[in-house]
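Please keep the sequence and the model in view while reading.

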Amino acid sequence: MMTVSSDGKIMVSRRWLVTFKPFRIFVVGIGFFSLCFLMTSLGGQFSAKRLGDSPFTIRTEVLGGVESRGVLRKISDMLEVILRRMDSLAKLNNTTTADTRRLDELSSAINKFQPASLMEMIQAIAQNVSNMAIRVEQILQNSIMQGKVRDGTSTQCDIPKDPRYPECPGKVDWMRARWTSDPCYAFYGVDGSDCSFLIYLSEVEWFCPPLAWRNQSSQPTQHVHQPKGPKRPAAFRTDLSVLLDQIGNGKESLSFMKRRIRRLAQQWATAAQRLDSTLEHRWRDQKKILIHVGFLTEESGDVFSPKVLKGGPLGEMVQWADILTALHVLGHNLKISMSVKELQSFLGVPPGRGSCPLTGPLPFDLIYTDYHGLQQMKQHMGLSLKKHKCHIRVIDTFGTEPAYNHEEYATLHGYRTNWGYWNLNARQYMTMFPHTPDNSFMGFVSEEMNDTEKRNIQQSKINNMAVVYGKEASMWKGKEGFLQILHKYMEVHGTVYYETQRPPEVPAFVKNHGLLPQHELQHLLRRAKLFIGFGFPYEGPAPLEAIANGCVFLQPKFNPPHSSLNHEFFKGKPTSREVSSQHPYAEQYIGTPHVMTVDYNNSVEFDAVIREIMRTKVEPYLPYEYTCKGMLERLHAYIQQQDFCAPEPLFIPTNLTKRGSGSSFTGPLFVPLPNSTALGWSPNVAAPPAWPPLSALRVLVSQEGESCVEACRTQGLICEPAHFGFINNKEALLRLEVQCEVLDYEMNHVLPAFSVLRRECGLQREPLLFSCAGQSPKYRRLCPCRDFRRGQVALCRDCL
């Protein structure tokens, strides 16, 4: 603990006692919480600067920036490494008397500083810790090198030239030049000698061969596969109190999520009982799952929490609250991280700047995060991210298409953005709506009404009452024209946030309720006939909630559709998807009479649709996939069936066998389906393991310029990217009667495909580029479509 006495001296308690033979020293520990408080109070900052001599050296400055957390963390890391070096010193028997005297001096070094001001005191402490670390490191390195000369081990550290490890010499050269760039190398025992480099590169990483004189039981950290313990069953949970405690407090965003979880608790409990019955109480593996909500961490800026009570966007928090609840209700073992510090602790990140692998095997089966969290994991997991990324699921509102996800391809062909290029399987991205079949549809839930509630809602409806979808005053600019038309027929209500004065952007005839709590908004929607959108925000949860409360949702049609090519909002997002309206899901999957999509610039059309809405009677409606049971069902299937860590064997048609026998099968893999232009998997061929199962496969051919998303949709089907590997072959082309004079294997996100004009056929060489979304005016595509369960487009009929 650090205190300042009345005479201005710094008093530092001795927190650690390290005993050496034949001497005893004290290492001084600084109270870092006190230091953080003082720094915050004074507005002073430390900035870190590497001097190249030691991984511990820092320079202190008083700045107005935001680097203080990083430097304080560096000081903390520094002290942690010092303690480890002290432990190493304790094991050495060759310490000189001079070394002992230097170590004794360390215990009183900080107390000798008596600067004039508190800021100078803090600066002096930081500099002194740096000096301490350097001196300890010098003593340790001298002692280690003397010991190696005596026992002869230094002569065994020639750099190997093993063809099985071609990168080893280059990695050693890199370590010689850069090992001081991150304290994590010292944490793993690197001390600047070639021996320590080779030990690290063979036992922590895997770039060099094992050293003959080392204990051969050591294995590279990245290659350690601890035997998994016995599988445990996942039991459905209805008590949410443990989850609420795990989420924590201290932010309005967390309070909002917890209120939502409590409000829907009974619906989740009922849904869990129903799903358990649907699954006939079958065994489900319990998974160890880390949920890291990156966008709510302080390190990412967390711009959302301060705006929760000021009309800011809530869609992401709605979805994350529902994901947390669904995973808990399904009975999995959860750890929840809302900060980088918690992330590091849960993963086992060594102290430093993230250059080194984790300290042990990944302790989780699955990790749910977002793009912010993925970037934070990259910064702190080092080489471990590449090995463990198959366990990651990325919550991604607007979707990521394969052309943007493949780093090399995106860079070469103009698809590189700030968000893509992670080289994941595209199904590891999980979206809010099922707009990108290349990704997995995660979704969220809306409150479900029973029959009695639905009758009460219909009886309480006010036929000429409209509620506007727009909580921020800026959304109302330029909208008065069509609002005047609406006002001719209906009483217009708003829920626009304001502090003291009514926002001038909101017309005088609008009855503004201000920002409403969720239960009050629900009450308002249950009375209203119409919920009208302004065109923004895109694809939020509010329209589904309004439709579930018996409103008609009126939204603008976009002509031309909005996309990254023509609209600022979508620029930089890793998708070429065209958005035809404010809420394409509502337009395509729900439609009339619950959803009306019109051109707001056509006043005649707008006037007519208002009058039509007033004549139309609608009941509350909620798609099954947005109920609690629908989300639980979908997430259960993903967790139990999706495995992106298992290597996908190359599909070779000639290896298949005849169903019911072990003999090879030489007949067609695909057969025409009755009353359809599609092909299906032959019932005579034993289908290889796949999820979704190949019984759901329907093979279609697109038109030129048409994506597989569109080709499948026109036949009432869904594009299934998991099945591309089974149709990426000559057999499929042959059964579709495609004429191929040229057949190439290439990296292209529209393959497999063919050109009718040139009689050229192309098959996919890179599985990460299999894409439902890809399209080309020159090619017709081979499309793997599938059926789907009623109200649940994410799952085929046989998927449960």
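Strand 7 and strand 8 (residues 392-395) are paired in parallel over four bridges, where pairing requires at least two bridges found by DSSP between two strands. Helices (H or I, at least four residues) and strands (E, at least two) are DSSP runs numbered from the N terminus. The model is a predicted one, in which local features need pLDDT of at least 70 and side-chain atom pairs count only at pLDDT 80 or more, while totals for chains, interfaces and linings use all residues. Residues are numbered from 1 along each chain as its sequence is written, and side-chain values use heavy atoms, with hydrogens and water left out.

**The sheet and its helices**

- The open sheet has six strands in the order 6-5-7-8-9-10, with parallel pairing. Strand 6 and strand 10 (440-441) stand at the edges with a single partner strand each, so one side of each has no neighbour in the sheet.
- Helix 11 lies across strands 5, 6, 7, 8 and 9 (429-431) and runs at about 165 degrees to strand 5. Such angles run from 0 to 180 degrees between N-to-C directions, with axes fitted to C-alpha atoms, for helices over the stretch in contact.
- Helix 12 lies across strand 5, strand 6 and strand 7, at about 145 degrees to strand 6.

- In helix 12 (residues 340-347), the buried residues are Val 340, Leu 343, Gln 344 and Leu 347; buried means under 20% relative accessible area, exposed over 50%, and partly exposed in between (1.4 Å probe, protein chains only).
- These residues lie on the same side of helix 12 because they cover an arc of only 95 degrees around the axis, taken from the directions from the helix axis to the C-beta atoms.
- The face turned away from the buried side of helix 12 carries exposed Lys 341 and Ser 345.
- Packing against the buried residues of helix 12 are strand 5 (288-292), strand 6 (333-337), strand 7 (366-370) and helix 13 (371-381).
- Gln 344 has a relative accessible area of 17%, and is therefore buried. Neighbours within four places in sequence aside, Gln 344 is in contact with Val 349 and His 380, contact meaning heavy atoms within 4.5 Å.
- After helix 12 comes Gly 348, with a positive phi near 80 degrees.

**Nonpolar cores**

- The largest nonpolar core holds 81 residues, and Ile 291 and Tyr 368 have the most contacts inside it. A core of this kind is a set of buried Ala, Val, Leu, Ile, Met, Phe, Trp, Tyr and Cys residues joined through side-chain atoms within 4.5 Å.
- Helix 11 (residues 315-329) supplies the largest share of this core, nine residues.
- Apart from this core lies another, of 32 residues, among them Val 685, Phe 724, Leu 736 and Leu 763.

- Strand 11 (residues 465-469) and strand 12 (residues 491-494) run parallel and are joined by three bridges; Ala 466 has Val 492 as its bridge partner in strand 12.
- Strand 11, helix 18 (residues 480-489) and strand 12 form a right-handed β-α-β unit.
- Strand 12 is also joined to strand 13 (residues 511-512), in parallel, by two bridges.

**The protein in total**

- The protein has 26 helices and 25 strands, and 54% of its 800 residues count as buried.

How values were computed. Right-handed = clockwise from strand over helix to strand, strands pointing away.
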